[in-house]
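Biologist: Could you walk me through how a pair of helices packs here?

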Amino acid sequence: MKKALLINPAFRYIFEVFIIVFSVSISFYIQDILNEREKIELKNESLRGVLADLNEDLEGFTDASEHLLNRIKLGDEFLSGQVSNKSINNILLTYGFLGIDSNYKSLVSTGAIEYINNKSLVKELTSYYEIDYSLLNDISGQYKHFYYGMFEFMLANYPTESMNKLILTDNKIDFTNKPLELQYDKQSLLKLYKDSEFRSRVYSLKRIVIVYIGFYQQAFDRNKKLSSLIENELNN
């Protein structure tokens, strides 16, 4: 009876179909496990990249805040009557925002962000790269806009007396000689201090720079929090 069942064509057909279905199911199951592992590894690799980007951001934010704070101090010197070519040249500068988000974009585009276990980390990542970056880009644009207006005002009303001579060493510009600095005569500097429109522009720039620093400080704090959350995610 048993032997007859085994040689029965219908039974053999059903049995072969079962084997095929079972094999395919096992194959899909194994593939799903492998895909899951690949996604998790991709997530970890991307997070390591984000961690490196955050460290670079941290250095950039620190440098930016120091430069911007120095400009506020020199602007205050001008407003208090300590008018100099140094203070004017620092007022006539802008400072762009350069964040590093390539690994975050990779984390999102590959879908690996969905495999992050800590949902607070996902929220902080989104806040940092979508909100803090957006605020810094926006205020950077405002700063640049005011800078262009200030520069055009100076070109129209205050002639440049001279610039430092360009010095080349091995066909490279020697920036220690400060070749970009504009020089104004004493009469123009005194007139600038008494110019109510120029002083008003300086106050507006100061206000923007203070807000700019505030956004950097906010991003700085979230950056440190993110680094800690990522390290916890990678260690779990």
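Biologist: At what angle do the axes of helix 5 and helix 7 cross?
Modeller: This is a predicted model, where local features need pLDDT of at least 70, side-chain atom pairs count only at pLDDT 80 or more, and totals for chains, interfaces and linings use all residues. Residues are numbered from 1 along each chain as its sequence is written, and side-chain values use heavy atoms, leaving out hydrogens and water. Helix 5 (residues 119-157) and helix 7 (residues 196-235), both DSSP runs of H or I with at least four residues, have axes, fitted to C-alpha atoms over the stretch in contact, that come within 9 Å. Taken between N-to-C directions on a scale from 0 to 180 degrees, their crossing angle is roughly 160°.

Biologist: So which way do they run, roughly parallel or roughly antiparallel?
Modeller: Angles under 35 degrees count as roughly parallel, over 145 as roughly antiparallel, 65 to 115 as roughly perpendicular and the rest as oblique. That crossing therefore makes helix 5, relative to helix 7, roughly antiparallel.

Biologist: Where does helix 5 bend?
Modeller: Compare axes fitted to the seven residues ending at a residue and the seven starting there. For helix 5 the angle is about 30°, at Y128.

Technical notes. Helices (H or I, at least four residues) and strands (E, at least two) are DSSP runs, numbered from the N terminus.
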